[in-house]
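Hi,

Here is the structure I said I would pass on.

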Amino acid sequence: MPQKGEMHLLLKNSKDMHQFPILKSTKSQTLHRGILFISFLSIQLILFLFSRPIQLFKHSASPCDAGLIYVYNLPPAFNRDLIAACEKINPWPSRCPSLSSPAGLGLPVIDSDHNFTDLMPVNLLQSWFSTDQFALELIFHHRMLNHQCRTLNPSKAAAFYIPFYVGLALEPHLWSPNSTSYDRDRDGLSLLQWLQIQSPYQKSHGWDHFITLGRITWDFRRSHQSDWGSSFLYMTEMGNITRLLIERDPWDEKDVAVPYPTGFHPRSLADVQEWQQFVLNRKRKTLFGYVGAPRSGFKNDFRGLLLNECVQAGSKCRSVDCNAGKCINSSAETMELFLDSEFCLQPRGDSFTRRSLFDCMVAGSVPVLFWKRSAYMQYKLYLPGYGDEPEWSVFIDRRDMRERNVSVRSVLEGIREDKIRELRERVVKLIPRLVYAAESLGEGMDDAFDIALKGVLRQFKDRRRRMKVAITK
């Protein structure tokens with residue numbers, strides 16, 4: 001805006017024009033009158049523009065531009081009652097403490113594992129919980145109920161969320177010797193019978209519906225009566241529904257893999273940034289670490305091979321044997337190992353993925369993978385895919401390990417220190433994408449929940465566009 005002196009000069013110059021001798025030429029008079037008029041308009045325009053609010057940035061797109069989400073209010077038998085019966089979920093130590101939080105986060109570590117107090121900055125302890133690795137259904141349900149794009153009017157929704165805790169419903173029947181295939185399918189069948197009479201489902205046949213499954217996809221893909229798990233994903237009514245789960249079938253486009261829940265649930269952007277600085281600058285004492293246990297009865301057990309490698313590497317490697325239950329829900333012992341290790345070994349678990357991969361990366365340790373399906377073909381919304389693995393990880397083909405063509409130690413010792421730092425920086429940069437915040441972080445930072453939800457809404461939006469194009473042809 002013109003300053004007081006500048007405005008005075010403009011007005012003074014305008015007045016000075018009238019003090020010039022009157023010119024005899026009509027053209028000259030017309031010219032000077034034109035200049036005077038233009039000067040006057042310019043002053044008025046400047047005053048008008050600077051009297052209005054200045055918009056330095058265009059309004060950003062609405063966070064709900066991709067559509068609103070309707071959360072079904074299911075009968076409590078499909079979610080709340082399952083939590084109330086937590087003592088019956090499995091025959092091992094009670095799952096109730098880890099499922100007691102309405103948000104699905106579990107007990108704070110300051111209440112459940114006091115050994116955490118020496119591992120990290122004190123003010124970040126409140127962001128760490130003893131979180132169950134299968135708590136995805138609870139975490140998503142809580143966040144969906146409080147999401148800014150939730151609508152209570154199904155006619156306005158672009159997506160429909162089904163808060164069925166199907167993993168918790170199935171688990172008691174996975175370990176019971178008396179459970180039949182019908183027992184494992186019963187809750188899923190009941191849910192789908194309820195769903196198919198709901199008008200939004202009838203309208204779309206489920207193509208704009210999504211659900212979270214807290215266990216791996218293979219637990220819900222029973223092909224034969226005597227096989228493991230339920231046949232939930234093979235039920236007709238599930239055919240069009242998108243599923244968010246901790247391990248997907250790479251050949252099923254309706255499966256979307258999302259990170260396993262870890263113990264870190266930041267409360268704010270500041271929490272994330274402080275944690276990133278902490279793990280990035282931490283002095284690491286060990287070249288590589290391994291958290292796991294050998295599987296007895298397995299021929300050529302690869303986990304046992306890695307444990308032997310660790311022993312042979314001496315002070316270059318540390319391990320935590322999970323046989324004694326030391327690795328449940330991110331114990332202090334496992335987190336200390338990841339925080340102290342430059343690299344962490346990540347073989348496949350009972351399936352191709354492990355929660356340990358995410359615990360490792362959240363601690364700022366660089367994962368070493370041996371199966372491409374463990375991550376590169378799984379978490380496409382979150383991690384660089386096949387062919388891009390050097391950006392954030394190290395890949396060693398398990399077959400070369402088995403044939404003794406290569407050792408973990410020789411590969412990792414061959415990586416320059418500046419390259420290790422570069423790898424860690426890339427891992428640390430990924431951390432916000434791999435954790436489930438206690439609530440939305442805001443300020444432009446997406447966590448694992450935000451990325452999953454945006455991916456689903458984008459997918460549904462593309463489907464609607466394709467359907468419109470097909471109708472117009």
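**A surface patch and some disulfides**

On the surface, Trp-92, Trp-175 and Trp-228 make up a nonpolar patch, and together they have about 350 Å² of accessible area. Keep in mind that this is a predicted model. If you want to find Trp-228, go to the loop between β6 (209–213) and β7 (242–245). With a relative accessibility of 40%, Trp-228 counts as partly exposed, since that label covers values between 20% and 50%.

Now for the cysteines. How many disulfides does the count come to? The count is 4, and here are notes on some of them.

Let's start with Cys-64 and Cys-149, which form a disulfide with their sulfur atoms 2.0 Å apart. The torsion about this S-S bond is about -90 degrees, so the disulfide is left-handed. Cys-64 sits in the loop between α2 (26–50) and β1 (68–71), while Cys-149 sits in the loop between α6 (136–145) and β4 (150–151), so the pair ties together parts that are 85 residues apart in sequence. Are these two cysteines buried or exposed? Cys-64 has 18% relative accessibility and counts as buried, because the cut-off is under 20%. Cys-149 is buried too, with a relative accessible area of 1%.

Next come Cys-86 and Cys-96, also a disulfide, with 1.8 Å between the sulfur atoms. The link of Cys-86 and Cys-96 is right-handed, with 100 degrees about the S-S bond. Cys-86 is in the loop between α3 (80–84) and α4 (96–99), Cys-96 is in helix α4, and the two are 10 residues apart. Both Cys-86 and Cys-96 are buried.

Then there is the disulfide that joins Cys-344 to Cys-360, at 1.8 Å from S to S. Which hand does the link of Cys-344 and Cys-360 have? It is left-handed, with -65 degrees about the S-S bond. Here the pair links a strand to a helix: Cys-344 belongs to strand β11 (residues 341–346) and Cys-360 to helix α13 (residues 356–362), 16 residues apart. Cys-344 counts as buried, at 0% relative accessibility, and Cys-360 likewise counts as buried at 0%.

That's what I have for now.

Cheers

Notes
Residues numbered from 1 in each chain as written. Predicted model: local features only at pLDDT ≥ 70, side-chain atom pairs only at ≥ 80, totals over all residues. Heavy atoms only, no water. Disulfide = S-S within 2.5 Å. Helix = DSSP H or I, 4+ residues; strand = E, 2+ residues; numbered from the N terminus. Buried < 20%, exposed > 50% of the residue type's maximum accessible area, 1.4 Å probe, protein only. Patch = residues over 30% accessible without salt bridge, like charges linked within 9 Å, V, L, I, M, F, W, Y side chains within 5 Å. Areas by Shrake-Rupley, 256 points an atom, 1.4 Å probe, with all protein chains shown as cover. Salt bridge = Lys/Arg side-chain N within 4 Å of Asp/Glu carboxyl O.
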